[in-house]
Amino acid sequence: MKKRMKKLALMLALLSLLLFGCAKKEISIVKTYEITESSMVESAFDNGEIVNTAKYYEMSDGTYKTESGEIYKYRLVITGRMHAAVRDSTFVFLSNIEDIPFDRAWKAAGFSSNLDDYFSPDQALLVGLG
């Protein structure tokens with residue numbers, strides 16, 4: 001009888017572990033990045049702050065999601081100095097590419113006339129400037 005009770009308890013423990021341990025957790029929004037209000041853009045640039053050009057969300061699973069539903073693995077903040085610039089520029093991309101060099105970032109941010117320098121929406125999306 002005791003042996004049977006131990007087996008039953010062990011089976012119940014394994015069953016509850018399978019049912020509750022493998023349950024899929026609901027992905028939720030951790031942080032919301034709002035579009036910078038137009039009245040705040042100039043002062044944000046002057047203070048070296050990031051100006052958000054699109055609304056997006058940081059999710060509980062570590063990904064980033066846009067208003068249109070695109071999901072990206074990374075949020076890249078890329079800083080450097082463009083040719084003959086007085087100060088550094090910063091570009092914020094949501095990306096499925098782990099690393100984007102500054103030279104590629106500033107071109108893809110709208111400073112290139114070559115369409116090959118831009119990303120497709122599934123690769124990366126510019127969401128902020130600084």
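Is Phe93 buried or exposed? At 2% relative accessibility, Phe93 counts as buried, a class that covers residues under 20% relative accessible area, with exposed meaning over 50% and partly exposed the range in between (1.4 Å probe, protein chains only).

## Basis of the model

This is a predicted model, in which local features need pLDDT of at least 70 and side-chain atom pairs count only at pLDDT 80 or more, whereas totals for chains, interfaces and linings use all residues. Residues are numbered from 1 along each chain as its sequence is written, and side-chain values use heavy atoms, with hydrogens and water left out.

## Aromatic pairs

The whole structure contains 4 aromatic pairs; rings of Phe, Tyr and Trp (its six-membered ring) pair if their centres lie within 6.5 Å, and planes under 30 degrees apart count as stacked, over 60 as edge-to-face and the rest as tilted. The ring centres of Phe91 and Phe111 are 6.3 Å apart and their planes stand at 70°, so this pair is edge-to-face. Because Phe91 belongs to strand E7 (residues 89–95) and Phe111 to helix H3 (residues 102–111), the pair ties together parts that are 20 residues apart in sequence. Helices (H or I, at least four residues) and strands (E, at least two) are DSSP runs, numbered from the N terminus. Phe91 is buried at 3% relative accessibility, whereas Phe111 is partly exposed at 48%.

Phe93 and Phe119 also form an edge-to-face aromatic pair, with 5.7 Å from centre to centre and 75° between the planes. Phe93 lies in strand E7 and Phe119 in the loop between H3 and strand E8 (124–129), so parts 26 residues apart in sequence are tied together. Phe119 is buried, with a relative accessible area of 13%.

## Nonpolar cores

In soluble globular proteins, nonpolar side chains tend to be buried together. A nonpolar core is here a set of buried Ala, Val, Leu, Ile, Met, Phe, Trp, Tyr and Cys residues joined through side-chain atoms within 4.5 Å. The largest nonpolar core has 12 residues, including Leu76, Ile78, Phe91, Phe93, Phe102, Trp106, Phe119 and Ala124. Strand E6 (74–80), E7 and H3 are the elements that give two or more residues to this core, and H3 provides the largest share of this core, 5 residues.

Ala124, a member of this core, touches Tyr72, Phe93, Leu94, Ser95, Ile100 and Phe119, not counting residues up to four places away in sequence; contact means heavy atoms within 4.5 Å.

## Open sheet and Thr66

An open sheet is formed by 4 strands in the order E1-E3-E4-E5, with antiparallel pairing; two strands pair if DSSP finds at least two bridges between them. Strand E1 (29–33) and strand E5 (71–72) are the edge strands, each pairing on one side only. The antiparallel pairing of E4 and E5 runs over 2 bridges, and Tyr64 has Tyr72 as its bridge partner in E5.

Thr66 is located in strand E4 (residues 64–66) and counts as buried at 7% relative accessibility. The side chains of Thr66 and Ser68 are joined by a polar contact of 3.0 Å. A polar contact is a pair of N or O atoms within 3.5 Å; within protein, one must be able to donate a hydrogen and the other to accept it, and residues adjacent in sequence count only if both atoms are side-chain atoms. Not counting residues up to four places away in sequence, Thr66 touches Lys55, Tyr56, Tyr72, Leu94 and Leu125.

## Salt bridges

The structure holds 3 salt bridges, each defined as a side-chain nitrogen of Lys or Arg within 4 Å of a carboxyl oxygen of Asp or Glu. In the salt bridge between Glu34 and Lys55, the closest N and O atoms are 3.7 Å apart. This pair links distant parts of the chain, 21 residues apart: Glu34 is in the loop between E1 and helix H2 (41–46), and Lys55 in the loop between strand E2 (51–52) and strand E3 (56–59). Glu34 is partly exposed, with a relative accessible area of 45%, and Lys55 is partly exposed, with 26%.

Asp88 forms a salt bridge with Arg81, the closest N and O atoms lying 3.0 Å apart. For Lys107 and Asp103, which also form a salt bridge, the corresponding value is 3.4 Å. Because Lys107 and Asp103 are 4 residues apart in helix H3, about one helical turn separates them.
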